[in-house]
Amino acid sequence: MSKELRNKINEAKTPKGILLQVKGLKKYFPVKRGFFQRIVDYTRAVDKVDFYIREGETLGLVGESGSGKTTLGRSIIRLIEPTEGSIIFRSKTLSNNNKPVEVEITKLSPSELKIVRKEMAYIFQDPISSLDPRMRVGDIVREPLEIHSKKKKKEFDEIVSTSLETVGLSANDMRLYPHEFSGGQRQRIGIARALILNPRFLICDEPTSALDISIQGQILNLLQNMQKKFNLTYFFISHDLAVIQHMSDRIAVMYSGTIVEIAEVNELYKNFLHPYTELLLSAILIPDPDYRKEHVILREKLSSLYNSSLGCSFYPRCRYKKKIVARQFLY
């Protein structure tokens, strides 16, 4: 371990039991206009986000499309470089005595980040675009081993076949290509690839949204079984409140790049605090033709989003809005 890397360890103290802590995370994308493509503004995809995830739990992230959920997930493991903020991860890979040490992800060099990423994995939303159609399944699942593992290549096939069997596929599938599988099977291949290095932390980016309803339950049950079997920690992203409720221990609600509410799953559904959470819950369909409930009516269209740096980002669309909320956050 380099001296520089040692200096990046234990810089911040997080409470015991917390695997990941995010503080003040921002990701701004420049808006360019004109012939010279000058920067005239910034899109605040992620804006001042704070949360933590305990080891072994599932933190669900819910919000409508375009709220910044995927950008947040990819920023955490630096698939997208954050603009500002800190991401503190308790790593065992960098420890000499198997005790977790705290690492500031945003300060790691590419070579140092590669070491820590052995403990992290990402399950992508679309199983078609996330799998290389020119590679056989065995090569797709084996690729993380070739990048990170120090084991002999002769052992790779056995590890790959075991990983495929763990997610409900066959070792014979190693010779096939992604287009020869159904959508649910392709997502299982993506899960097998994510689990091949025995990670501790998984970001599940809407892993069932591209699948049929009949297949979604199988994938969700598989993820839950994997979590119990390998003591995994999930950051589960979805726009489906029913899926989030089924999978999560706690839920974070995201709107326009900000986290507007975080609560235990039962508490959120029974005693929500933020008007945007009320809006999402009112949109849930109840399978009862005689059931009637109030639907929240928005004051403004989505196109007139408010500048979240001045106050609550939901202010223009809120039916409870008051002028004071335009100048300060109340949550």
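These are my notebook entries on a predicted model.

**Ground rules**

I number residues from 1 along each chain as its sequence is written. Because this is a predicted model, local features need pLDDT of at least 70, side-chain atom pairs count only at pLDDT 80 or more, and totals for chains, interfaces and linings use all residues, while side-chain values use heavy atoms, with hydrogens and water left out.

**Entry 1: the sheet**

I started with the strands. Helices (H or I, at least four residues) and strands (E, at least two) are DSSP runs, numbered from the N terminus. Two strands pair if DSSP finds at least two bridges between them. In general, the strands of a sheet pair through backbone hydrogen bonds, either parallel or antiparallel.

Strand 3 (residues 58–62) pairs with strand 9 (residues 250–255) in the parallel sense, over four bridges. I picked out G60, whose bridge partner in strand 9 is I251.

**Entry 2: helices on the sheet**

For directions, I used axes that are lines fitted to C-alpha atoms, for helices over the stretch in contact; angles run from 0 to 180 degrees between N-to-C directions. Contact means heavy atoms within 4.5 Å.

I then checked burial in helix 10. Buried means under 20% relative accessible area, exposed over 50%, and partly exposed in between (1.4 Å probe, protein chains only). How many residues of helix 10 are buried? Eight of the eight are, so helix 10 is largely enclosed by the rest of the structure. They are P275, Y276, T277, E278, L279, L280, L281 and S282. The cover includes strand 3, helix 8 (241–247), strand 9, strand 10 and helix 9 (265–270).

**Entry 3: two helices packed together**

Two packed helices are described by the angle between their axes and the distance between the axes. I looked up helix 4 (residues 137–148) and helix 5 (residues 156–166). They pack at an angle of about 115°, and their axes are 10 Å apart.

I listed who touches whom. Helix 4 brings V137, G138, V141, R142, L145 and E146 to the contact; helix 5 brings F156, D157, I159, V160, S163 and L164. I sorted these residues into seven nonpolar, two polar and three charged. (Ala, Val, Leu, Ile, Met, Phe, Trp, Tyr, Cys and Pro count as nonpolar, Asp, Glu, Lys and Arg as charged, and the others, Gly among them, as polar.)

**Entry 4: salt bridges**

A salt bridge is a side-chain nitrogen of Lys or Arg within 4 Å of a carboxyl oxygen of Asp or Glu. The structure holds eleven of them.

I began with D157 and R142, whose closest N and O atoms are 2.5 Å apart. D157 lies in helix 5 and R142 in helix 4, so this pair ties together parts that are 15 residues apart in sequence. D157 is partly exposed at 39%. R142 is buried at 11%.

The side chains of E119 and R200 also meet in a salt bridge (2.8 Å, N to O). Where do the two residues sit? E119 is in the loop between helix 3 and strand 6, and R200 is in the loop between helix 6 and strand 7, 81 residues apart. E119 is buried at 4%, and R200 is buried at 13%.

My next pair was D132 and R134 (3.4 Å, N to O). D132 is partly exposed at 25%, whereas R134 is exposed at 71%. I also noted a network of salt bridges linking R54, E57 and R250.

**Entry 5: two single residues**

Is S75 buried or exposed? S75 is buried, with a relative accessible area of 1%. S75 lies in helix 2 (residues 69–76). Leaving aside neighbours within four places in sequence, S75 is in contact with L25, K27, I80, P82 and I87.

P110 belongs to helix 3 (residues 110–116). P110 counts as exposed, at 68% relative accessibility. P110 and R78 are 32 residues apart in sequence, and their C-alpha atoms are 9.8 Å apart in space.
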